Amino acid sequence: MPEQGPRAAALTYRADVDGLRAVAVLLVVLNHLRTRVKGGYIGVDVFFVISGYLISSVILSDMAAGRFSVVRFYERRIRRIAPALLAMLAGTAALAYTCSVPSELDAFARSMLAALGSVSNFLFWHQAGYFDTPSALKPLLHTWSLGIEEQFYVVFPLLLLAIRRWFPHRLQAAVWGATALTFAAACIVTTRSPATAFFFAPLRAWELLFGTIVSQRYLPAVRGTAARNGAAALGLLLIVVPAAIYTAETPFPGLAALPPCVGAALLIAAGETGDSVVGRLLAWRPVVFVGLISYSLYLWHWPLLVFQESGDLLVAGRPGSTPVKLAVFAASLVVAALSWRFVETPFRTGRWRPGPRALFIGTAAASAVIVVLGVTAIAAKGFPARFPPEALAVDRFTGFDFTGAFRENRCFIDPTTTSGATFASFDKAACLADDPVRPHYLLLGDSHAAHLYPGLRAVFPELNISQATTASCRPFVAQPHGTDSYCREMWGYIYGEYLPRHHVDAVLIAGRWADAELPELGRTIASLRERGLAVVLFGPIIEFDVPLPRLLALSIRAHAPAMVERHRLGEPLVTDRKLADLARTRWQVRYISAYEDLCTSPDTGLADGRTTPANQTAQAVLARCPVDAGAGVPLLFDTDHFTPEGSVRYARVMRAHHQLP
C-alpha cells in the first residue's frame, strides 16, 4: 500500500496553540526571573515543537498542492522574525552603549552580529566554560534559540524537496529516522559535552521534528472526548511537572527534554480532532493574547532583565528581589505588547504591509545599519572614552586571562574549555614536585583552591606548595554518584596513589562549599587525619552576583559606591560561620576565614582583640569587606575568584596572623 502523502489541507488558526505559546514563554520568563519555576527553560523546547508543527504544516501542504516556493517561504520567515528582532537589537544596542563597560560593549557587538546572522548559538557555545562571563551580562544570550530555528529552516525545506523528488514514498520513514537519529545523538552528547548538545541545531532537530510528526499525523489520531481530555491533561502535566522539578543541574537537553516535547505534541495532537478542557483553558482570550505577543516577550524580557540586574535600569533594588521581578515582568509585557502591535503586526497584515521587494530591501537596509553599529563598536573597542581613566583601569580585569595564574589544564583541570582537558592533562611532575628542603603543603580543591595558589606561592616561598585542583570538583575522598569522570580520576589518584607514597606536611583544602556537602567534607577531613596528616581548611570568599570589575567601573563613572554593595552576596558569610564552628568544635582542624582575615579590619584584616565575624552582625562584616587589592586592581576578576593581586593580599594577611605555615 503506498505511503500516505503530506496533508494538503491549509493550516487553520488554532487559539489553543497560541495558548500553548503563552505557557512556553511564561515558563521561560519565570525561570529567568529566578522564581520557583527553576525548570522553566523547557519552555524553549515547547516552542521548538510548536514551530515544527506550524512550519511543517505550511511547507508540506504547499508542496502537496504544488505551490511551494523557497523564496516565498523565506519571505514569510522574514516577515515573522526580522522586524521584531531588528527592533530589539537596535533598542538593546542603545541600552548597551549606556549601561555597559567597554569590554562588555565589545562582546555585545559581537553577539549582535551573530544574532543578526542567526549563528549566536555557535558564538555562545564557543564561549561556554567554567569561567565564562555570567549569563546575567549577556543581553543577547537568548537569541541562541533563534539561531537553532533558522539553521533548521535553511536545511529542512531543501531536504523535503529532495526527498519528494527522489524518494517520494519515503517521507514518513525519513522524518521518523531523522527524529530517532538526532534524539539518540543528543542523549549521547549531553552526557559528554552538555554545551554542545544545548547549542547545536542538529542535536535539537528532533524537537522540531516532533512537530512535523504531529502535523502529518504519523501517529494515530486522538479521537473521542475522553481520549482528547486525557491526552491534553497528560500533555500539560508533562510540561508543568518538569518545569517545577528540573533545575540548572538537570542534565539537559537529552533524555530530560523528552517529557516536555511529548507533552507539547500531545496537547497539539489532542486539539487536532476536537475540543478538550485543557484546550479551552489555553484558548481563553487573556492566555491567547500572551501567546500572540510571545515572540516579542521572549525577545525583550531577557535584555530588560540583564540591564536591570546589572545596572538598575528600571528600579533600584537587589537582583532577585520581589520589586525587581515585578518591575521586569511588567515592563516586559508592556514592551512586548507594543512591539507586537506596532512592529510585528504591520509587517504581516493590514494596509501598510510591505510587498516582497520592499520587505527585502527594508530588511537588508536595517541589517546593514546594525552591522555598521556592531563593527564600529568592535573597532572602537567598546568606546572607552565614555569612562574615566580610573574606571578603565579596573575594567581591564573584565575577562581577565587567569590561565597562567591558575596553571590551567596543567594543575587546574577545566574540561569546560574548548580544548576539552581531561585528567590526562594533569602535569604530575610540575604540580606535585618534591622538594627535599622545604615543607610540603598540598593544595586540593576546585577553582576556589586554584585562585589561592598565586598568593601562597608568592607570600610563602619557604613552603613547597603543590597543586591538584579541578573545576567544579570538591576534593572529597568519596565522590558523589554522577560525578564527572575527571573528578573521580583526580581524587582517586590523589587519595589512592599519591598520598600513600609521598610525604606531605599539611593538606590545604578549599572549595566553593555548599551546605549539602558539609557532611562529606567532614568525612574527608576525618580520613586525612586518620592518615596522620595535618589539615588546613579554607572557608568561602567574598562574592558578588555580577563580576566585580564591571561593578567598580560603573560605580566609579556614576559616583555611586552603593551600586557595588547592592550586588554583594551574604550567603557565603553564613556558610563561613557554619564551617568555622564545625572546624573548631567537631573536626578540630585549623580554619582560615577570608571574612575574618579581610573584612574585620580595613588595614590588617583583624581588629584589635581579634574581633571575628561571629560576634559582629553580618551586615557590619560585609560592609567592611574590601573590593580592591591595590590601586586600580579589583580584589576579584569575576564574581568569586581572586585576581593574582587579590590572592597575594589574602596570603599576606595569613602570614601576618601566623596562620601558615
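Two strands are taken to pair if DSSP finds at least two bridges between them, and strands themselves (E, at least two residues), like helices (H or I, at least four), are DSSP runs numbered from the N terminus. The structure is a predicted model, in which local features need pLDDT of at least 70 and side-chain atom pairs count only at pLDDT 80 or more, while totals for chains, interfaces and linings use all residues. Residues are numbered from 1 along each chain as its sequence is written, and side-chain values use heavy atoms, with hydrogens and water left out.

Strand β2 (residues 440-445) is joined to β3 by six bridges, the two strands running parallel, and within this pairing L443 has Q467 of β3 as its bridge partner. Strand β1 (residues 412-413) also runs parallel to β3, to which two bridges join it, and here I413 is partnered by T470. Seven of the seven residues of β3 (residues 464-470) are buried (under 20% relative accessible area, with over 50% counted as exposed and values in between as partly exposed; 1.4 Å probe, protein chains only), so the strand is largely enclosed by the rest of the structure. In a regular strand the side chains alternate between the two faces of the sheet. In β3, N464, S466, A468 and T470 point one way, whereas I465, Q467 and T469 point the other way, and all are buried.

A further parallel pairing is that of strand β4 (residues 506-510) with β5, which four bridges join; the bridge partner of L508 in β5 is V536. Because four of the five residues of β5 (residues 534-538) are buried, this strand is likewise largely enclosed by the rest of the structure.

Aromatic pairs, defined as rings of Phe, Tyr and Trp (its six-membered ring) with centres within 6.5 Å, and classed as stacked when the planes are under 30 degrees apart, edge-to-face when over 60 and tilted for the rest, number 30 in a search of the whole structure. The rings of F68 and F73 have centres 6.2 Å apart and planes at 45°, so this pair is tilted.

D515 is partly exposed, at 39% relative accessible area, as is K578 at 35%. Helix α26 also holds R584 and D581, three residues apart, about one turn of the helix, whose side chains meet in a salt bridge (3.1 Å, N to O); R584 counts as exposed at 57%, whereas D581 is partly exposed at 36%.

Technical notes: Salt bridge = Lys/Arg side-chain N within 4 Å of Asp/Glu carboxyl O.
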